[in-house]
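Dear colleague,

Please read them with the model open beside you.

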Amino acid sequence: MISPPFSYQISARQGRARAGKFVTPHGVLETPVFAPVGTQATVKSLTPDQLAGLNTTLVLANTYHLHLRPGDELVKEMGGLHQFMSWPGPILTDSGGFQVFSLAKNRRIDQEGVTFRSHIDGSQQRLDPEISIRIQENLGADIIMAFDECSDPYDKEYVREAMVRTHNWAERCQQAKRRDDQALFGIVQGGIFEDLRQESAEFIASLDFPGNAIGGLSVGETKAEMHTILELVDQALPVDKPRYLMGVGTPEDLVNGVMRGVDIFDCVLPTRLARHNAAMTRYGGRLNIVNAQYAKDEQPLDQGCTCYTCQHFSRAYLRHLVISKEMLAATLLSIHNLHTMINLAADIRQAILEGEFEDFCIHFLQVHSEINSHQDKN
Ligand SMILES: [Zn+2]
């Protein structure tokens, strides 16, 4: 059930794609939407003003990192995450599960939760559904996530075990939740296995969360496997609630995800690539700006891009900043990369509203495959 102060309305549908509005206490998410990741309660190298200038609506922050440093109790004392990081718009926190399984040392999983050592100072820590919810309530995001286990997607016996645990933990999260100004989303797991994904989507749907997430994708499986799973999950989840595809990804993932019923995306890719001197382009191509070929290149990063970086700076200047190790390089590349994703999501939404999404996809995927086959040859 979606209860106030939250609501979700679908404004237009085309095929499986939807353009909707998810209302949260800190603003409306016009979906499909791409959320920048602010791991440490900051989207690296950008001020909140710069984020707002990119038409960012939703920002993601990481529970695992903020729990370890500065501590969720401290964030609560400082007025909660919105005030602490000075982001007045909607915020989503993950459950901490993904980082525990990818970053923490000496991890021991039991039926109740996970014991691990902090990757920062080696101190012993514990996360379980109740602790994850308490931390997320202290942080105070608008959307919070159920504590889940994201496992190796190909080991069926283990994936099944982790899925059963995830289901049990989802129920415990629901029972532990106290604040009614936060929407708790459930997470579908099940690796690449269709029977497990079906079972998981049906179970998570039965818990009647105000929104549902698809986890455990973009973790090593093929694109074809991801698309098959998305199509299957799309059929099993309720249509009248938002769907969030966690940790995905690229421009083509956005188009392919929306085609398969996804509304919300997040990924570290735009800002991570920016810190590795790479510019994303609309149709999925990438530029490594350090390459000598850009030394005297007067063009912007991406022809036709309307971002601040492309409106003001040449590839030659950006290459100079990167080679001189200037901080501004990461900022300007992050602005461009995030603009590319946020603007693509907005254009997709517009195309759905205008009934032109099918043509949009055909054109996009065609140009994307041309660019990719060209890049493969180089
Ligand atoms: Zn640009």
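Arg-16, Asp-234 and Arg-243 are linked in a network of salt bridges, a salt bridge being a side-chain nitrogen of Lys or Arg within 4 Å of a carboxyl oxygen of Asp or Glu. The structure holds 17 salt bridges.

Before going further, please note that this is a predicted model, in which local features need pLDDT of at least 70 and side-chain atom pairs count only at pLDDT 80 or more, while totals for chains, interfaces and linings use all residues. Residues are numbered from 1 along each chain as its sequence is written, and side-chain values use heavy atoms, with hydrogens and water left out.

Another of the salt bridges joins the side chains of Arg-165 and Glu-149 at 2.9 Å, N to O; Arg-165 belongs to helix H7 (residues 156–176) and Glu-149 to the loop between S10 and H7, 16 residues apart. Helices (H or I, at least four residues) and strands (E, at least two) are DSSP runs, numbered from the N terminus. Arg-165 is buried, with a relative accessible area of 4%, and Glu-149 is buried at 2%, where buried means under 20% relative accessible area, exposed over 50% and partly exposed in between (1.4 Å probe, protein chains only). Arg-179 and Asp-181 also form a salt bridge, with their closest N and O atoms 2.9 Å apart; here Arg-179 is partly exposed at 30%, and Asp-181 is partly exposed at 30%.

The zinc ion has as its protein donors Cys-305 (SG), Cys-307 (SG), Cys-310 (SG) and His-336 (ND1), which lie 2.1 to 2.3 Å from it. Donors are N, O and S atoms within 2.8 Å of the metal (3.2 Å for Na, K and Ca), and water is not among the atoms, so sites may look incomplete. The four donor atoms subtend angles of 99 to 118°, which makes the arrangement tetrahedral, a term that requires all angles of four donors to lie between 85 and 135 degrees. His-336 counts as buried at 0% relative accessibility, as does Cys-310 at 10%.

Finally, strand S11 (residues 183–188) is mostly covered, six of its six residues being buried. Three bridges join S11 to strand S10 (residues 143–145), and the two run parallel; four bridges join S11 to strand S12 (residues 211–214), again in parallel. Two strands pair if DSSP finds at least two bridges between them.

With kind regards

Definitions and conventions
Four donors count as tetrahedral if all angles lie between 85 and 135 degrees; four count as square planar and six as octahedral if opposite donors are over 155 degrees apart and all others between 65 and 115; anything else is irregular.
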